[in-house]
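Colleague: I have a model open and would like to learn how to read it. Could you walk me through a few features?

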Amino acid sequence: MTSLAYIDPGLGALIWQTAVAAFVGFLFYLKKTRDWIVGTILKIFGREQKPVTPVTPKISAAEVETKNDER
Amino acid sequence: MSGDAPPQPSFRDPAGCCLLFNQRVLRFVAADAVAEFEKFLQTGCARQFVAARQLASTRRLMETEAAPLRETPELRTIFEAQPAGAIFEHERIPFPSYPHEWPPEMLRAAGRLTLGLARAALAEGYGLKDATPRNILFRGSEPVFIDALSFERRNPADPIWLPEAQFVRAFLLPLLANRRQGLSLAEIFTTHPDGLEPEEVYRLCGPLEKFTPRILSLVSIPTWLSRNSRPDNANIYKPRLLADPEKAQFILASLFNRLERHLQSLTPASGKESTWLDYMVTHSYNDPAFAAKEKFVREALREFSPARVLDAGANTGHFSVLAAEAGAEVVAVDSDAACVDAIWRRAREKNLNILPLVVNLAQPSPALGWRNAECPSFLDRATGRFDGVLMLALVHHLLVTERIPLEEILRLAYEVTNSLLVIEFVEPQDDMFRRLTRGRESLHASLNMAVFERACAAHFEIVRSLALPGTSRRMYCLKRKPGAG
């Protein structure tokens, strides 16, 4: 995949973005660990874990119409 | 992308170029980028952007349509210089405008759209390869992304968004400098088409200001890092791919959230420095005079039904709204950015077809860019483009403050409109006129209604006029005389 990005990515700004990305990457692992711990505890107590990042279900327009018809 | 000048193709993007030819917006896409471009246009996100009127619609020309274009003498040289794989056509946005003509709220709206599209496209594996306000035009008050070729497939393991620095330079730092240092976007973008470098804003900040959270993150730290790094260190620019694409997406989502928060917080200054923002409350008309003026304008709009109207000296857009409600596509210009911001907010709230721009008619935006051909001047775009022009409570400002001769003002109106001119004449005895002359009354001693009407008659036919009761002002409805230039 060759990027045709031709704009000036800056110097200080790019280093800063990379540094922040490294820090956020560390937060990602913390979040994963937290999710795993919470998931394990809930499993022990027999409850399901709520999805951490709610995602809009991807359904097509046709499916929406079918569901509306069913109603 | 306007006017009838020889086609000037864009040239920065190696994947293709775009030009205006015979009032059509054509895009030549290089052979190795065609497949990817077409794939993007077929994605759900691209279709969704077009349906939401956020992305200019695009279609590939059939070979039967493209072949005559390839043979056109004006375009042949462009084909030879740029090996074109395919020709696409974009929808044309009625009146192109540029960041140096926008008030801060419009730049913010353009930034929000850029981030929104970049974030939404990420879900389908695409990203923006640049983040410049030049990718945005306004259809009325709605921002529209016009450069579909800016979308490219991203490596899902790449946590870095290369255009972030450009987004900061071209959106966030101009808004910051406008809010804190009072620099207008016209001052910034006419001399810095790609926005402001962090180093430039750093020099404008006070010693303590450099440590406030927003400036620290957008300006100070990038400046310090830039000063202490070797610019020839190629390692900085090497892609850093992560083993876990989910982590890369998490990092990018956090970057977009951060940029959105910055954009959200950079609301324009309140307009306290504006002289004209409260004009509609403080103007010198009595109620019957203002009602008569409004009725006169409404009737002229009803009689001529102009499809495109230029409201010159629009203030907060009271008469632009009348024109838009009468069905016209309106371009409202004023030199006061706070007033133009107010028009934009009003047009957005009422969903009116008004494009408000910060333009001083006495110093209209010049042509900018390479060979002065990348952004045509305001007058290049405006000449002959309107069926109606409103010049309400404006002429005395041009006559007195700017010292523009009356004949010149009418000549400009003649060049811009194809049909209607509604103009307000203010006698030199008027309070506002006297306030502007500041003791130089003798300069305008010979100006009176007869002189004004004689000057109008050189280019226009006087359809009717009306004295506004209790004032020394008079409204004129004029019809352009063909061939009177």
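Modeller: Bear in mind that this is a predicted model. Start with one residue pair. In strand E7(B), Glu142(B) is the bridge partner of Arg139(B).

Colleague: Which strands does that pair belong to, and how do they run?

Modeller: The strands are E6 (residues 136–139) and E7 (residues 142–145) of chain B. They run antiparallel and are joined by four bridges. E6(B) and E7(B) form a hairpin with two residues between the strands. There, Gly140(B) takes a positive phi near 65°.

Colleague: Let's move to another strand. Is E13 of chain B largely enclosed or open?

Modeller: Count the buried residues. A residue is buried if 20 or more other C-beta atoms lie within 10 Å of its own. In E13(B), residues 417–426, eight of the ten residues are buried, so the strand is largely enclosed by the rest of the structure.

Colleague: Which strands pair with E13(B)?

Modeller: Strand E12 (residues 386–391) of chain B runs parallel to E13(B), with five bridges joining them. Look for Leu390(B), which stands opposite Val422(B) of E13(B). Strand E15 (residues 473–480) of chain B pairs with E13(B) in the antiparallel sense, over seven bridges. In that pairing, Ile423(B) faces Tyr476(B) of E15(B).

Colleague: What about chain A?

Modeller: Chain A has two helices and zero strands. Of its 71 residues, 14% count as buried.

Colleague: How many residues of chain A are in contact with chain B?

Modeller: There are 21 residues of chain A in contact with 32 residues of chain B. The chain A side divides into 14 nonpolar, six polar and one charged residues.

Colleague: How do I describe two packed helices?

Modeller: Use the angle between their axes and the distance between the axes. Here, take helix H1 (residues 12–44) of chain A and helix H10 (residues 245–265) of chain B. They pack at an angle of about 120°, with their axes 9 Å apart.

Colleague: Why are H1(A) and H10(B) called oblique?

Modeller: Roughly perpendicular covers 65 to 115 degrees, and roughly antiparallel starts over 145. The angle here is about 120°, so H1(A) and H10(B) are oblique to each other. The crossing of H1(A) past H10(B) is right-handed.

Colleague: Which residues make that contact?

Modeller: From H1(A), they are Ala21(A), Val24(A), Gly25(A) and Phe28(A). H10(B) contributes Lys247(B), Phe250(B), Ile251(B) and Ser254(B). By class, the contact of H1(A) with H10(B) has five nonpolar, two polar and one charged residues.

How values were computed:
Residues are numbered from 1 along each chain as its sequence is written. Chains are lettered from A and ligands numbered from 1 in the order in which they are written. This is a predicted model: local features need pLDDT of at least 70, side-chain atom pairs count only at pLDDT 80 or more; totals for chains, interfaces and linings use all residues. Axes are lines fitted to C-alpha atoms, for helices over the stretch in contact, and angles run from 0 to 180 degrees between N-to-C directions. Angles under 35 degrees count as roughly parallel, over 145 as roughly antiparallel, 65 to 115 as roughly perpendicular and the rest as oblique. A crossing is left-handed if the near helix is turned anticlockwise from the far one by less than a right angle, and right-handed if clockwise. Two residues are in contact if their C-beta atoms, placed from the backbone, lie within 7 Å. Ala, Val, Leu, Ile, Met, Phe, Trp, Tyr, Cys and Pro count as nonpolar, Asp, Glu, Lys and Arg as charged, and the others, Gly among them, as polar. A residue is buried if 20 or more other C-beta atoms lie within 10 Å of its own, exposed if 12 or fewer, and partly exposed in between; C-beta atoms are placed from the backbone. Two strands pair if DSSP finds at least two bridges between them.
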